[in-house]
Amino acid sequence: MLTPPLVSATFVAVLLVTFLLKFWLLQRQMRHVAAHRAVVPPAFAATVSLAAHQKAADYTMAKGRLALFSQLLSTALLVGWTLLGGLDALSAWVQGMVGAQTWGGYAQALVLVGAFALIGMVLDLPLEAYATFGVEQRFGFNHSSVGLFAVDLLKGVGVAVVIGTPLLWGVLALMREAGTAWWLWAWILWIGFQLLVMWLYPLVIAPLFNKFEPLNDEGLVQRVQSLFQRAGFSAAGLFVMDGSRRSAHGNAYFTGWGRAKRVVFFDTLLSRLQPPEVEAVLAHELGHFKLKHVPKRLVQFALVSLAGFALLGWLAQQPAFYLGLGVRPSLVEGNDLNNALALMLFLMTVPMLAYPLAPLFSAASRKHEFEADAYACAQADGQALAEALLKLHEDNASTLTPDPVYARWTYSHPPAVERLAAIRAQLNPQPVARPA
Ligand SMILES: [Zn+2]
């Protein structure tokens, strides 16, 4: 039987364990990087300078310190919202300000979630500004201005309101109208929404923040076309993004589905790579498409969220769930404000329970990266891929000496040592000829 003290005690225990675990992992990572700062690891001695290695170490430490502080703050904030009564007070305030019947009863719930999100954003702002104008600036990565930072912020809020409001409204309507199996319908809505956003992102959302242009370097276009053909890859294409507007970091990624699918290169990365390296990185991204990594991740995500929605469907009906987390519920049927409280409490607390699963998801992601590398080695020049990866590490000041436990737990991409070793192992038995 779920009682308020049981919920409180479980919450505190899970919060404490998760906090200590994250703290321990970050400490390990920082200690390991500091201990290996003096010497470039032997595998990279010929290719990476000591200065670049030490910059990566210092950058990793600076980001680690910021992450520790941010974690401390978010844990305190979570306790403030729940056990110390913050959410309950906000909910009482909204009930005083907004009529219970406004907008068919939905107004209180929407205002509550909006106010909560706004407060969270404002509290997070100093940290975000420090990350950009403190840490990134200090290491020479920041290209953003205060003006651009502010405009980005406003655009982000606009996007969140435009796509978040209909979703929230839809879920609240299902909670009110769809009976006891509302969570199943809400899950279907949620998955449909994910697909819609994946499709809209490259077409509508990303262009609000950056310019995307088709590749126009003649020699490169030919190479890219012939790779697309070899790989049997139709539609979409390769776009160059003006990442240099905000940062010196370089990257490449794949996005979208159907006709909206595309590979995006940051201009910062493109300017650093030789044509065979561009081709190899592109082949890696195509590998993600060809090996169906997107639908595989989507299925994984759908299953985890189904379990989450089922749990939410049950918890939302338990008075102890609210009381144990510092909120007075009103469990009359169709109370939208209460439904919004259930959603918020759930999203604040339950994902923590899944943190022990993080190594599984990270491992699945790293497996996909190895597979995409292997695909790239078969379709393009593996040696060029290895060189491009090294440049990518150097440009992003990614450490070459991560703590093994930290990397196992959190890294979505394999550490450089492992990735390069896998590429070389594939190259050495039968070297792949460089395309003419
Ligand atoms: Zn990848």
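Angles between axes count as roughly parallel when under 35 degrees, as roughly antiparallel when over 145, as roughly perpendicular from 65 to 115, and as oblique for the rest. The structure described here is a predicted model, in which local features need pLDDT of at least 70 and side-chain atom pairs count only at pLDDT 80 or more, whereas totals for chains, interfaces and linings use all residues. Residues are numbered from 1 along each chain as its sequence is written, and side-chain values use heavy atoms, with hydrogens and water left out.

Helices (H or I, at least four residues) and strands (E, at least two) are DSSP runs numbered from the N terminus, and axes are lines fitted to C-alpha atoms, for helices over the stretch in contact, with angles from 0 to 180 degrees between N-to-C directions. The axes of helix H4 (residues 107–138) and helix H5 (residues 146–177) come within 11 Å and cross at roughly 150°, and H4 and H5 are therefore roughly antiparallel to each other. H4 passes H5 in a right-handed crossing, where right-handed means that the near helix is turned clockwise from the far one by less than a right angle, and left-handed that it is turned anticlockwise. On the H4 side the contact (heavy atoms within 4.5 Å) includes Met 121, Leu 125, Glu 128 and Phe 133, and on the H5 side it includes Phe 149, Leu 153, Trp 169 and Leu 172. By class, this contact of H4 with H5 has 14 nonpolar, 2 polar and 1 charged residues, with Ala, Val, Leu, Ile, Met, Phe, Trp, Tyr, Cys and Pro counted as nonpolar, Asp, Glu, Lys and Arg as charged, and the others, Gly among them, as polar.

The contact of H2 with H4 divides into 14 nonpolar, 1 polar and 3 charged residues.

For helix H3 (residues 86–97) and H4, the axes come within 10 Å and cross at roughly 135°, which makes H3 oblique to H4. The crossing of H3 and H4 is right-handed, and the residues in contact include Leu 87, Leu 90 and Val 94 of H3 and Leu 112, Ala 115 and Phe 116 of H4. This contact of H3 with H4 is made up of 8 nonpolar and 3 polar residues, with no charged ones.

## Nonpolar cores

A nonpolar core is a set of buried Ala, Val, Leu, Ile, Met, Phe, Trp, Tyr and Cys residues joined through side-chain atoms within 4.5 Å; buried means under 20% relative accessible area, exposed over 50%, and partly exposed in between (1.4 Å probe, protein chains only). The largest such core has 48 residues, and those with the most contacts inside it are Leu 87, Leu 112, Leu 172, Tyr 322, Leu 345 and Met 348. Helix H12 (residues 336–353) provides the largest share of this core, 11 residues.

Leaving aside neighbours within four places in sequence, Met 348 is in contact with Leu 78, Trp 81, Thr 82, Leu 87 and Phe 116. Apart from this core lies another, of 43 residues, among them Ala 231, Val 263, Ala 280 and Ala 384.

## Individual residues

Arg 246 is found in the loop between strand E2 (237–241) and strand E3 (252–255), and at 19% relative accessibility Arg 246 counts as buried. Beyond residues up to four places away in sequence, Arg 246 touches several others, including Phe 141, His 143, Asp 152 and Phe 209. Trp 409, in helix H15 (residues 404–410), is likewise buried, with a relative accessible area of 17%. The C-alpha atoms of Trp 409 and Ala 358 are separated by 6.4 Å, although these residues are 51 residues apart along the chain.

Most residues other than glycine have a negative phi. Lys 292, which is not a glycine, has a positive phi of about 60° and is found in the loop between helix H9 (275–290) and helix H10 (293–315). Ala 397 also has a positive phi, near 50°, and lies in the loop between helix H14 (382–395) and H15, where Ala 397 is buried, with a relative accessible area of 3%.
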